[in-house]
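This report describes a pair of packed helices and a disulfide. Please view the sequence and the structure before reading on.

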Amino acid sequence: MQPRNMSMSGVVDLAAVKAAQEAKSKAEQARAEAARQGGGGAVSPADLVIDVDEAGFELDVLQRSTEVPVVIDFWAEWCEPCKQLSPVLERLAVEYNGRFVLAKIDVDANQMLMQQFGIQGIPAVFAVVAGQALPLFQGAAGEVQIRQTLDQLIQVGEQRFGLTGLVVDADAEPGDRQAPDPQAIPAGPYDALLEAAVQALDAGDLGGAVQAYKNVLSDDPGNSEAKLGLVQAELLQRVQDLDPQQVRKDAAEKPGDPAAQIAAADLDLVGGHVEDAFGRLIETVGRTAGDDRDAVRLRLLELFEVVGADDPRVAAARRALARALF
């Protein structure tokens, strides 16, 4: 199974929205099945560092990542930097006590996985969270940097997918615990509607996706997956017919026009320029008042939801917004 890329940066596109929705749904279903079966039991410390090959990738990495972030160390026997990095990762896997699992992949014996991840050189370290692959770093890295990266990864796993890690028991036998099989999990009450939304996104039918998410929220207003999908789909729907050059021109010529700045901010975010989008609207809040200011503030709050509350750029922008308002 080829891994899919998901950035922690909050860049928005159709593929990212679709992949994130599928991943979160699968992770939630896998955890529900594990709970139904009694939680799956504890793991041995030996299970926190595992050797993985192409045959075991589906079970040992993709399915395991619905319970805990899986960090992948791509290495080879001839790679001298790997011999320095790998022991650090192995030690941290034990120290973090189940907050992540380290999967070691020998690139010489698993060329297909190396190609699928697009690896150009080793050591290379990736992570898989709820079935989504994302790069962490390549080449030599200091322990302080590694710890910071791992802490961010764990935070993303917890806040976006509810992955709280594994229970480690020193007396457990290695290999006793198996990851739940997502394919055997019964469908939830809104799976059909959420799948309809994903299919609509895949087909470019943004109106259909918006309606499908609204259908879920009409019955379950607190459904986090539908709320996230709705704000993302609405953003994509707003920008699909815009003329980027005209929008940029209007925004440059009319710095105090809320509509012009809101449209430009939407384009900024879809293009991955998260801080530009936030900064533009915060500046506009400072230039406007009354209903105009409120419209800009509300759009900014919507964009916060698209990116995710755990993103540090959102926290910084919230502080800047507070200063602009008060």
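In which crossing, left-handed or right-handed, does H10 pass H11? The crossing of H10 and H11 is left-handed, a term used if the near helix is turned anticlockwise from the far one by less than a right angle. This is a predicted model, in which local features need pLDDT of at least 70 and side-chain atom pairs count only at pLDDT 80 or more, while totals for chains, interfaces and linings use all residues. Residues are numbered from 1 along each chain as its sequence is written, and side-chain values use heavy atoms, with hydrogens and water left out.

Helix H10 spans residues 258–270 and helix H11 residues 274–287; their axes come within 7 Å and cross at roughly 165°. H10 is therefore roughly antiparallel to H11 (angles over 145 degrees). On the H10 side, the contact (heavy atoms within 4.5 Å) involves Pro 258, Gln 261, Ile 262, Ala 264, Ala 265, Asp 268 and Leu 269, and on the H11 side Val 274, Asp 276, Ala 277, Arg 280, Leu 281 and Thr 284. Of the residues in this contact, eight are nonpolar, two polar and three charged.

The structure holds one disulfide (a pair of cysteine sulfur atoms within 2.5 Å). It joins Cys 79 to Cys 82, with an S to S distance of 2.4 Å. The torsion about the S-S bond of Cys 79 and Cys 82 is about 80°, so the disulfide is right-handed. Both cysteines are buried, meaning under 20% relative accessible area with a 1.4 Å probe and protein chains only.

| Residue | Relative accessible area |
|---|---|
| Cys 79 | 3% |
| Cys 82 | 2% |

Notes:
Axes are lines fitted to C-alpha atoms, for helices over the stretch in contact, and angles run from 0 to 180 degrees between N-to-C directions. Helices (H or I, at least four residues) and strands (E, at least two) are DSSP runs, numbered from the N terminus. Angles under 35 degrees count as roughly parallel, over 145 as roughly antiparallel, 65 to 115 as roughly perpendicular and the rest as oblique. Ala, Val, Leu, Ile, Met, Phe, Trp, Tyr, Cys and Pro count as nonpolar, Asp, Glu, Lys and Arg as charged, and the others, Gly among them, as polar. Buried means under 20% relative accessible area, exposed over 50%, partly exposed in between (1.4 Å probe, protein chains only).
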